[in-house]
Amino acid sequence: MTSPCVYREARSLCPQCAREMPSRYEEDSDGILLRTVCDEHGEQVEPVERDPAFFKAGYELDYESPVAHLALVVTYRCNMSCRYCYSLSNAGFELPPDRPVERIADFMSKFRGNITLIGGEPTVRDDLGEIIEAGKRVGAARKISLATNGQKIANLSYLKSLRDRGLDFVFLSFNSPDYEPSPETYRRKLEALSNCRKLRIPVWLQRTIDEIGQLQSILQFIEEYRRLIFHVTIRAVKPFGVCRPRDIVFVSDMAKLLQGSRPAGKGTTPFNRYVDFGGRPIKLCSWVNDVARMDPLDSDYIISDDTWTTFHRGMRMDEVLLKSRTRIESPAR
Ligand code: SF4
């Protein structure tokens, strides 16, 4: 173990209180770390990247974050309980009530870009079709997508009803079978994919991993559904909220396994990189609490007190806000 040397000064969010604090990237024999010092919660150290050269190649680029996308929470509730969950649904917090459709329509009318309805799990709302329709009414040219765990869209007529209301595409969370909560969950996700194919609804596949071996099956899978899946994001989870990954996987680990990456160019941050697979982009990413570079989705986000901010910061602030309310019970994990 060598003593760390400082690579760059930065600003980060304290993982405890979400306030912006001074931090620095340090390099030692384990790679790159981000050390944050909160005046209330002390020092926090986050492993960032195993391969310093890989990290620096992304960090040295000018970083642009044009926000043209809104990740809009329509509910914090969920019909599943995944061990990789970073949302607040099963964290034991008293969740805020769902915002009414009119309020959501009001947010959508204030935003000009594309919108993804997220949760929790958006399909637990019986009025999801109305929300999609409202999104089109206040901005017909924009794309409305749905980030879902796929359980309810395993029902073909339900998915058709959302498409008929204006749903443009689906972000489908689709992990390796051993990372899903149960074989039945996985089976329903396959059914959801099949339904998207029947209804010609394009799919942006989202895979979450906490062990590098969970990547093995993805290329074969993308090949099998190549006409349906137009984009893939693979995210290595870090400790966030109640999520405690088995292993810390770095973006360079994924790039190596998938055999290389595109040259670090547009869309690259120190925490994401693209690889090509049969002409289709696969985005490899991870989350780090760097304020200037924290948001691999470049999305706006509206936290539970109706404040607008960026995606990752907003999730962190939601967590802090909700934690400060009544804690119901410890999550069973
Ligand atoms: S990861 Fe998604 S589907 Fe799973 S519990 Fe969390 S919000 Fe629900």
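Two remarks on conventions. Residues are numbered from 1 along each chain as its sequence is written. Because the model is predicted, local features need pLDDT of at least 70 and side-chain atom pairs count only at pLDDT 80 or more, while totals for chains, interfaces and linings use all residues.

Helices (H or I, at least four residues) and strands (E, at least two) are DSSP runs, numbered from the N terminus. Two strands are called paired if DSSP finds at least two bridges between them. On that basis there is an open sheet of 4 strands in the order β1-β2-β3-β4, with antiparallel pairing. β1 and β4 (42-49) are at the edges with a single partner strand each, so one side of each has no neighbour in the sheet. From one strand to the next the twist averages 25°; axes here are lines fitted to C-alpha atoms, for helices over the stretch in contact, and angles run from 0 to 180 degrees between N-to-C directions.

Within that sheet, β1 (residues 5-13) and β2 (residues 20-28) are antiparallel and share 8 bridges. The hairpin of β1 and β2 has 6 residues between the strands. Which residue there has a positive phi without being glycine? A18 does, with phi near 65°, and A18 sits in the loop between β1 and β2.

At the β11 end, strand β11 (residues 272-277) and strand β12 (residues 280-286) run antiparallel and are joined by 6 bridges. V275 stands opposite I282 in β12, and N272 has C285 as its bridge partner in β12. The hairpin of β11 and β12 has 2 residues between the strands, and G278 in the turn has a positive phi of about 55°.

How do α3 and α4 pack? Helix α3 (residues 128-137) and α4 make an angle of about 20°, with their axes 8 Å apart. α3 and α4 are therefore roughly parallel; angles under 35 degrees count as roughly parallel, over 145 as roughly antiparallel, 65 to 115 as roughly perpendicular and the rest as oblique. The crossing of α3 and α4 is right-handed, a term for the near helix being turned clockwise from the far one by less than a right angle, with anticlockwise giving left-handed. L128, G129, I132 and E133 in α3 meet S161, L162 and R165 in α4. The residues of this contact divide into 3 nonpolar, 2 polar and 2 charged. For that division, Ala, Val, Leu, Ile, Met, Phe, Trp, Tyr, Cys and Pro count as nonpolar, Asp, Glu, Lys and Arg as charged, and the others, Gly among them, as polar.

Helix α4 (residues 156-165) also packs on helix α5 (residues 183-199), at an angle of about 50° and with axes 10 Å apart. α4 and α5 are therefore oblique to each other, and α4 passes α5 in a right-handed crossing. From α4, L156, L159, K160 and R163 meet N195, K198 and L199 of α5. This contact has 3 nonpolar, 1 polar and 3 charged residues.

Last, the ligand. Which residues surround the ligand? They are C78, M80, S81, C82, C85, S87, S89, N90, G119, G120, E121 and N149, where near means a C-beta atom, placed from the backbone, within 6 Å. The shell divides into 4 nonpolar, 7 polar and 1 charged. A cis peptide bond joins G119 and G120, with omega about 15°. G120 is in the loop between β6 (114-118) and α3.

Key
Two residues are in contact if their C-beta atoms, placed from the backbone, lie within 7 Å.
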